[in-house]
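Student: I would like to go through some labels used for this structure. Can we take them one at a time?

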Amino acid sequence: MAKYPLLFSEGKIGSVTIKNRVVMPPMGTILCGPDGEMTDHLIAYYSERAAGGTGLIITEIVTVEYQFGKALASQLRLDNDRYIAGFSRLAGAVQKYGTKIFAQLHHAGRQTYTNFTDGKQIVAPSAIASKAIGIEPRALTTEEVKELVQKFIDAAVRAQIAGFDGVELHGAHGYLINQFLSPHSNHRSDEYGKDRLRFTIEILQGIKEKCGSDFPVIVRFSADEFIADGINLQEGRRIGAAIADAGADALHVSSGTYESMPVIIEPYMYKEGWKSYLAQEVKQGLNIPVIAVGAIKRPAKAEEILSQKKADFVALGRAHLCDSQWAMKAQSGNEDTIVTCIGCMHCIDSIFSMRKIECAVNARTGRELEFQEFKKDGMGRKVAVIGAGPAGMEAARVLKLRGFEPVVYEQSNEAGGQLIPGCKPPDKEVIKWYQNSLLKNVEELNIEIKTGVNAQPQQVKSNDNPYAVIVSIGAKPIVPSIIPGVNNENVFNAIEVLNNPILIQDKSRVSIVGGGMTGCELAELLSNKNCMVTIIEMQSELATNENEITRTAMLKRLEDNKNIQILTCHKLESIKEDTVELENLETGEKKQLSADYTALSLGLSPLVNEIRQWKEMFDKTFVVGDAVFPSKVAFAIRTAFDVAYTLS
Ligand SMILES: Cc1cc2nc3c(=O)[nH]c(=O)nc-3n(C[C@H](O)[C@H](O)[C@H](O)COP(=O)(O)O)c2cc1C
Ligand code: SF4
């Protein structure tokens, strides 16, 4: 019997049969043309996911009104008949794999910026600014609201003409439809305010009337906005029931608005599938299918959600960015090779900074056209890969696929590099899953990793005489030797402590110097050992090296943690046996803090001498990952992939 029988059973949304329960939910990509045109790139991007076995793809946001409706620098559109042809190409490209495709119809309302609306004032149900945007919108007139209802209906008709299997209304995440649904943002006194559901239901029923009752419409909505005076779960259930009653074919249950961003797209610390309870609550008493979404990463969790009858379909967004073959691998029992999402938010960062979509762990995402088939011209040539962190393993994987013979050396006894300490803090098990998936992929390709070997250039030259060398040796922790006491016995660097938490006794007083993300995570780990921790940071804020969504979630956790104290604008002056001396950078005041231990979390610096030695020994030496510039997984994977892909 198949391992995931429910996940790979047929399902139905309205009249449409879907070959399995795996849904790729909408994710903006900015792979469209500058004016919202369909592109070859989008077709390649979605086709790959369809070829990977996914049952239903719901496209990224497609605006129904280009000037005011966009939420991104450029966005797909169906506001004019001239876009139908492009959509029909996409539909055909996806459907040839037996995958169904729906278009997500969208209008941003107040969650956009004037630089996306040609400088014109943004619009909303009421003239209330989103705190996340900070721009006051203009309230739409009743006439304009009616026109917008029609625009949604017209866009659905165009999707149907293009051959789409259905549409999804984007009524979630604080965009226009959500703004009408929510008591937080809809203070209108006309019929669209007296009945907050009216806008959605008029669109829904208008589509049914124009496209026919057998053209399925999914409504995606936030069953809990997680904001004061917004939609709570009780209201979410009422909304779900009313929309189902009005003729929706399925509900796609998400949460949040831009004001509660971490519950829309969850950073790593959210538990896998944490918000499937929302789908379960909404589903009660309804007789249409419900789709659950949110940090669902592994097939076992997806199957569990289905088996517990929390939902009828499971949507995995970022999982599809990390591994386009997620469904196929799960179905064929190769789930261990699925490259797991690490919840790092690089993807959303990339589109919010107006670049196209990127994924930290999949260097091809958003570059499908630039990096198509791997050239198989390695001809068995040996390439020494020095260091088996993510960059080294990725380089080895790509080289092997190209027909090279990578030989990987790893100084420590375990492959994984920074992923090893990286998975130790609380709620970071995703990093371990990712490490395991890298190892599994390397193993499947029969790539040997020689662990416990401190490879030296001369030795590699005589043993392997490699065609090229890839230096992925990582970086070393920065220790400011100028500070008195940094070499004391009670001083460690953050990586040492993460790797070996018993270095610090339970219940001791610890000062962590450096309040970047690593320092914050270490503080949480030590807090779990009942230590009293103080994070000392020179800047006025913590975790400034982190994306805003993760940072917001982390700051909230630190604030709620009674064992952790934060001292920003303070500089470490010296370390003594049981104190650290600090200077307040704002007042110049000196301060002493009791500390049994000090952990330095001041970042990493490249191993310049070691790199030079490799370069001196081998003409074809390529440096990748932290060895080039200590950064995040995204940079490590990208540099490694690019070097291995282009090696000639
Ligand atoms: C890069 C990116 C773009 C997204 N764009 C959309 C979108 O266009 N429409 C939408 O409804 N949700 C969008 N989302 C939210 C996802 O559909 C999904 O609900 C969310 O990522 C949580 O699911 P996941 O943990 O499986 O990724 C986006 C998420 C990401 C990461
Ligand atoms: S960029 Fe990070 S969060 Fe986004 S899909 Fe890739 S691994 Fe997941």
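Predicted model: local features only at pLDDT ≥ 70, side-chain atom pairs only at ≥ 80, totals over all residues.

Student: Why are H14 and H22 called roughly parallel to each other?

Tutor: Helix H14 (residues 390-401) and helix H22 (residues 633-646) pack at an angle of about 30°, and their axes are 8 Å apart. Angles under 35 degrees count as roughly parallel, therefore H14 and H22 get that label. As for handedness, H14 passes H22 in a right-handed crossing.

Student: What makes H8 oblique to H9?

Tutor: Helix H8 (residues 233-245) and helix H9 (residues 276-283) have axes that come within 9 Å and cross at roughly 50°. Roughly parallel needs an angle under 35 degrees and roughly perpendicular needs 65 to 115, so H8 is oblique to H9. The crossing of H8 past H9 is right-handed.

Student: Now the ligand. Which residues are closest to ligand 2?

Tutor: Ligand 2 is surrounded by 13 residues, the closest being Cys341, Cys344, Cys347, Cys359 and Ala360. To count, a residue needs a heavy atom within 4 Å.

Student: How do the residues of that shell divide into nonpolar, polar and charged?

Tutor: The shell around ligand 2 has 10 nonpolar residues, 2 polar and 1 charged. Cys and Ala both count as nonpolar, so the closest residues named above fall in that class.

Student: Which helix gives the most to the shell around ligand 2?

Tutor: H11 does, with 3 residues. Helix H11 (318-322) and helix H13 (346-352) each supply at least two. The space that ligand 2 takes is the second largest cavity.

Terms used: Residues numbered from 1 in each chain as written. Chains lettered and ligands numbered in written order. Heavy atoms only, no water. 1 Å grid on protein atoms, 1.4 Å probe; cavity = no way out; pocket = protein on both sides within 12 Å on 5 of 7 lines; lining within 4 Å. Sits in = over half its atoms within 2 Å of the grid points. Helix = DSSP H or I, 4+ residues; strand = E, 2+ residues; numbered from the N terminus. Axes fitted to C-alpha atoms, helices over the stretch in contact; angles between N-to-C directions. Parallel < 35°, antiparallel > 145°, perpendicular 65-115°, else oblique. Left-handed = near helix turned anticlockwise from the far one by under 90°.
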